[in-house]
Amino acid sequence: MASTRSAQHQSTIGFPRRRSARGIATPAAKSGSAPSVLRLSPGAADPGPDTRSARTETLPLSPRKRLADDNLCNVPRALPCSPAKRSKENQGRRLLFGDPPASPEKPNSPGASPWRGGQETPRSSRPARARLFRQEGTSYQQAKRVLHLAVPDRLHAREREMGIIRQFLRDHVCGRRPGSLYISGAPGTGKTACLSRVLLDCKDELAGSKPIVLNCMALRSPSCVFPSLAQPLGLPAATGREALRSLEQRLTAPGPMVLLVLDELDQLESKGQDVLYTLFEWPLLPGSRLVLVGMANALDLTDRSLARLGAHGSPQLLHFPPYTREQLTTILQERLGKVAGDPVLDAAALQFCARKVSAVSGDARKALDVCRRAVEMVELEVRSQTLLKPLPGGDSPAPPVPKRVGLLHISRVISEVFGDRLAPGGRGTPDSFPLQQKVLLCSLLLLTRHRRTQEVTLGKLHDTYSQVCRRQQLPAVDQPECLSLVTLLESRGILETKKAKEARLAKVSLKLDQAAVEHALQDAVLVGSILAQGLQ
């Protein structure tokens with residue numbers, strides 16, 4: 001037993017200190033013989049010290065200093081037992097249902113892969129493409145899309161105005177006759193939308209002209225309109241008399257007709273109205289090829305600011321009246337009729353919105369905005385109460401509307417938009433519109449009606465207010481208190497003020513329609529008598 005355990009009967013395997021998986025050349029290989037490969041067998045002999053010294057000279061201690069085949073770090077391909085890596089373009093690829101599974105490349109060795117015998121990860125049997133989910137109430141999204149404020153293909157209740165604009169452009173631009181047109185109307189009555197639609201429809205007829213469209217709200221000062229006009233005409237953007245002279249020469253020289261559209265024309269008003277007079281006098285020059293179209297909210301801008309033009313130089317006038325209840329109802333019904341399925345708004349809610357907006361301003365954009373915000377309000381309520389549902393396969397009919405927009409939603413949005421500016425504070429509360437503010441509003445209405453102007457100075461308003469108070473035997477406040485009343489009315493969204501260096505010279509104007517203000521103020525007998533007597 002002891003003899004079997006003796007070291008002399010056991011084979012010894014000698015392992016070198018520095019050995020790799022590849023075969024290392026021996027001194028015999030250098031002399032031209034085949035390279036010897038290390039074989040781990042019981043009969044292997046221990047290499048001698050001479051061989052170790054030779055290998056030490058052949059392989060340096062640092063792997064970075066090895067050259068050619070001796071440096072295993074520079075082997076171009078991976079070891080046979082390592083699976084090939086997938087390319088980066090396949091790492092983010094989604095596996096669709098039915099696609100062949102992507103597997104690593106087969107190893108070079110003929111043996112079976114070490115991971116083939118293991119347990120494979122089961123593939124999911126669900127479809128690879130995730131099904132889309134529908135939030136209950138997709139008709140709300142369609143309703144919000146159709147209630148946009150872009151220029152529609154058809155403008156209801158504006159056929160007469162569009163016909164006048166179209167005929168004016170044909171007579172002057174196509175007929176090469178210079179002229180001017182002034183379009184007035186309250187905000188939201190369709191002035192810009194009608195003109196934009198006519199320009200799009202008559203694009204082929206106006207192809208030989210030079211159209212220039214400017215928004216005067218974007219100008220820093222009234223005189224900046226001339227450099228903005230010179231650039232499209234190919235002139236240097238200069239100021240002063242030289243710029244005006246060069247513009248006049250260009251507009252009277254032979255060439256195509258120039259169609260100049262100025263939106264928000266009232267922003268060009270100045271102290272002497274020099275800018276407005278210059279623009280409206282250019283079509284009257286001999287040989288002029290300018291056709292001017294101006295748009296503003298004020299109805300009396302030409303009478304107030306262009307009185308010196310006379311009967312021959314005055315522009316053609318076109319007024320856009322506010323939309324009526326029937327017209328707003330038609331516009332809303334036409335927009336919401338594009339939504340598939342059941343109606344989103346109740347008929348009573350739609351009629352209520354049209355009636356309220358027409359009584360305050362007649363603004364079609366305001367009516368569209370009220371309906372859109374009411375739809376958003378109902379959509380938020382529905383989202384908090386419903387769950388996601390998968391889309392059905394194939395074409396399916398439009399889903400039913402979970403909850404319609406009712407009268408309560410429209411009323412709530414109107415209260416937020418208009419703020420009940422002329423309504424009492426609430427049920428059982430006294431009138432939140434004090435008598436002094438009502439008398440001040442009556443004085444402003446009397447001034448605007450008597451002077452045919454939209455803006456009056458604070459000093460003139462206070463003088464008229466004091467006169468009305470004396471006639472009605474009411475106590476009047478002084479001018480600083482009158483300014484405080486104007487500030488309160490401005491905070492309620494009824495008045496608009498333009499500050500000046502002196503408080504007495506500040507401009508005051510109405511933000512609401514005069515008819516709506518008069519209707520609200522005639523509820524009181526005293527206020528009705530003030531409006532009936534007028535100014536003396």
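**Figure 1. C224 lies in the loop between β3 and α7.** The model is predicted, so local features need pLDDT of at least 70 and side-chain atom pairs count only at pLDDT 80 or more, while totals for chains, interfaces and linings use all residues. Residues are numbered from 1 along each chain as its sequence is written, and side-chain values use heavy atoms, with hydrogens and water left out. Helices (H or I, at least four residues) and strands (E, at least two) are DSSP runs, numbered from the N terminus. C224 has 18% relative accessibility and therefore counts as buried. Buried means under 20% relative accessible area, exposed over 50% and partly exposed in between, with a 1.4 Å probe and protein chains only. L268 is 44 residues from C224 along the chain, and their C-alpha atoms are separated by 9.3 Å.

**Figure 2. Five strands form an open sheet with parallel pairing.** The strand order is β3-β4-β5-β2-β6. Two strands pair if DSSP finds at least two bridges between them. β3 (210-215) and β6 (316-320) stand at the edges; each has a single partner strand, so one side of each is left without a neighbour in the sheet. From one strand to the next, the twist averages 15 degrees. Five bridges join β4 (residues 258-263) to β5 (residues 290-296) in the parallel sense. L260 stands opposite L292 in β5. Helix α5 (residues 159-174) packs on the sheet and touches β2 (179-185), β4, β5 and β6. Contact means heavy atoms within 4.5 Å. The direction of α5 makes about 155 degrees with that of β6. Axes are lines fitted to C-alpha atoms, for helices over the stretch in contact, and angles run from 0 to 180 degrees between N-to-C directions.

**Figure 3. Helix α9 (residues 274-281) is mostly covered.** Six of its eight residues are buried. They are V275, L276, Y277, T278, L279 and F280.

**Figure 4. Helices α4 (residues 139-146) and α14 (residues 364-383) pack together.** Their angle is about 165 degrees, and their axes are 10 Å apart. The two helices are therefore roughly antiparallel. Angles under 35 degrees count as roughly parallel, over 145 as roughly antiparallel, 65 to 115 as roughly perpendicular and the rest as oblique. The crossing is left-handed. A crossing is left-handed if the near helix is turned anticlockwise from the far one by less than a right angle, and right-handed if clockwise. Y140, Q141, A143 and K144 of α4 meet R372, V375, E376, V378, E379, V382 and R383 of α14. By class, this contact has five nonpolar, one polar and five charged residues. Ala, Val, Leu, Ile, Met, Phe, Trp, Tyr, Cys and Pro count as nonpolar, Asp, Glu, Lys and Arg as charged, and the others, Gly among them, as polar.

**Figure 5. Helices α12 (residues 325-336) and α13 (residues 347-360) pack at about 135 degrees.** Their axes are 8 Å apart. α12 and α13 are therefore oblique to each other. Their crossing is right-handed. On α12, the contact is made by R325, L328, T329, L332, Q333 and L336. On α13, the residues are L350, Q351, C353, A354, R355, V357 and S358. The contact residues divide into seven nonpolar, four polar and two charged.
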